[in-house]
Structure formats: structure tokens, C-alpha cells
Amino acid sequence: MAFTNSNDFITGRRPVASPVGSEVLAVRFTLSMATADAALNTIGQIGWLPSGCIPVDVRVDMTDPDASTAAMVLQVGIWDGSSASLSTASADGGAHWGTTTAVTAASSQSLTRNGVALESVTKTDADRRLGVKVTTAPTTAQAFTLGVTLFYTAA
């Protein structure tokens, strides 16, 4: 199941910047998440990795996703838009890029890296969907705001 809502980056109303040299760009994608979006294995797009670019780092932030004290865990990587998993294609790093730690309240964090997946992403000639997957659902889900900041550079 894809996420309920969209944002201006996903719909194309706001373009994602492309580097013109060796600089590292950072774009923060935000999405209003409905309660149903916090269900186990829900996956969806939050932004784009522009063509010709590779990721350098990823940070995740969110408001409190749970009305109780239970934790929520997310994975981040490239999503193909149709399956219930993040890409395992070698050009996309071979696996999800990393996992958040257990989130019990509003937080901001770097991902716990999944091996060298983030560093293994290679350049492609097409934009790729930046995806997020719920791997541990909160006990008492509530609507929240999810933010993912992608740091990337030209390959």
C-alpha cells in the first residue's frame, strides 16, 4: 500500500535541484502521514534522487507517530513504486540504505546504515523514487509529519 498523501516534489510541482559541480546538495522532503500510513509494511514515496546523482547521507525526522509509548521503525532507500519492498537492484545499492532507531516521540536521526548499501548506489540516467517503509508499526498510531533529508552529489 502506498502512502495516503503526496507532496510538491512527488507531484512535480517543485523540482529537485541537480548539482552543477562537485557540491553536495541537501533537500528535505516532508509528508503528512495519515494514521493508516503507519501500518506494518506500508511503503511509499517521499521524494526523488535526481538522475546522474548518488546519495551521500540521509537523515529522518518526524513528529510523534504513536499516541502511546510504543516504538516505530522505518527503512529508507529506493522504491520502484509497485512492490512492497525497497529496491535490491545493484544500481540502487543492493538493499535498503538504512533503518531508523526505534522512534517513540518526535525525533531527528541519521540512519543506522545497512552495510555499504548507501555507498554502493551508482549513477543512473533516470530519477529514482526515494522511499520509506514501515518495519515496526506503532501500537497506537496517530497522524504525524515525516521528514527525510537527502544529501546527494553528482556522480
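Predicted model: local features only at pLDDT ≥ 70, side-chain atom pairs only at ≥ 80, totals over all residues.
Figure 1. Val56 belongs to strand β3. Apart from neighbours within four places in sequence, Val56 is in contact with Val24, Arg113, Leu118, Phe151, Tyr152 and Thr153. For one of these, Leu118, the separation from Val56 is 62 residues in sequence, while the C-alpha atoms of the two are 7.3 Å apart.

**Figure 2. The open sheet that contains strand β3.** Four strands make up an open sheet, and their order is β1-β9-β3-β6. The pairing in this sheet is antiparallel. Strands β1 and β6 (107–110) are at the edges and have a single partner strand each, so one side of each has no neighbour in the sheet. From one strand to the next, the twist averages 25°. Within the sheet, nine bridges connect strand β3 (residues 53–62) with strand β9 (residues 144–154) in the antiparallel sense. At one of the bridges, Cys53 has Ala154 in β9 as its partner. As a general point for viewing such strands, side chains in a regular strand alternate between the two faces of the sheet.

**Figure 3. Strand β4 and its two partners.** How many residues of strand β4 (residues 73–79) are buried? The count is seven of the seven, so strand β4 is largely enclosed by the rest of the structure. Strand β4 runs antiparallel to strand β8 (residues 128–136), and seven bridges join the two. In this pairing, Ile78 lies opposite Leu130 in β8. Strand β4 also runs antiparallel to strand β5 (residues 98–99), to which two bridges join it. Here Gln75 lies opposite Thr99 in β5.

**Figure 4. An aromatic pair between helix α1 and strand β1.** The model has one aromatic pair. Phe9 and Phe29 form this pair, which is edge-to-face: the ring centres are 4.9 Å apart and the angle between the planes is 80°. Which parts of the chain does the pair link? Phe9 is in helix α1 (residues 8–11) and Phe29 is in strand β1 (residues 25–33); the two residues are 20 residues apart, and the parts they link are distant in the chain. Both Phe9 and Phe29 are buried.

**Figure 5. Leu146 in the largest nonpolar core.** The largest nonpolar core has 35 residues, of which Trp97 and Leu146 touch the most other members. Strands β1, β2, β3, β4, β8 and β9 are the elements that contribute two or more residues to this core. When neighbours within four places in sequence are left aside, the contacts of Leu146 are Phe29, Thr30, Leu31, Met33, Ile46, Val60, Asp61, Met62, Leu74 and Val132.

**Figure 6. Ala38 in the loop between β1 and β2.** Ala38 lies in the loop that runs between β1 and β2 (43–49). Is Ala38 buried or exposed? Its relative accessibility is 1%, so Ala38 counts as buried. Not counting residues up to four places away in sequence, Ala38 touches Met72, Val134, Ala137, Pro138, Ala141 and Phe144. Ala38 and Phe3 are 35 residues apart in sequence, and the distance between their C-alpha atoms is 9.0 Å.

Conventions: Residues numbered from 1 in each chain as written. Heavy atoms only, no water. Phe/Tyr/Trp six-rings, centres within 6.5 Å; stacked < 30°, edge-to-face > 60°. Buried < 20%, exposed > 50% of the residue type's maximum accessible area, 1.4 Å probe, protein only. Pairing = 2+ DSSP bridges. Axes fitted to C-alpha atoms, helices over the stretch in contact; angles between N-to-C directions. Contact = heavy atoms within 4.5 Å. Core = buried A, V, L, I, M, F, W, Y, C linked by side-chain atoms within 4.5 Å.
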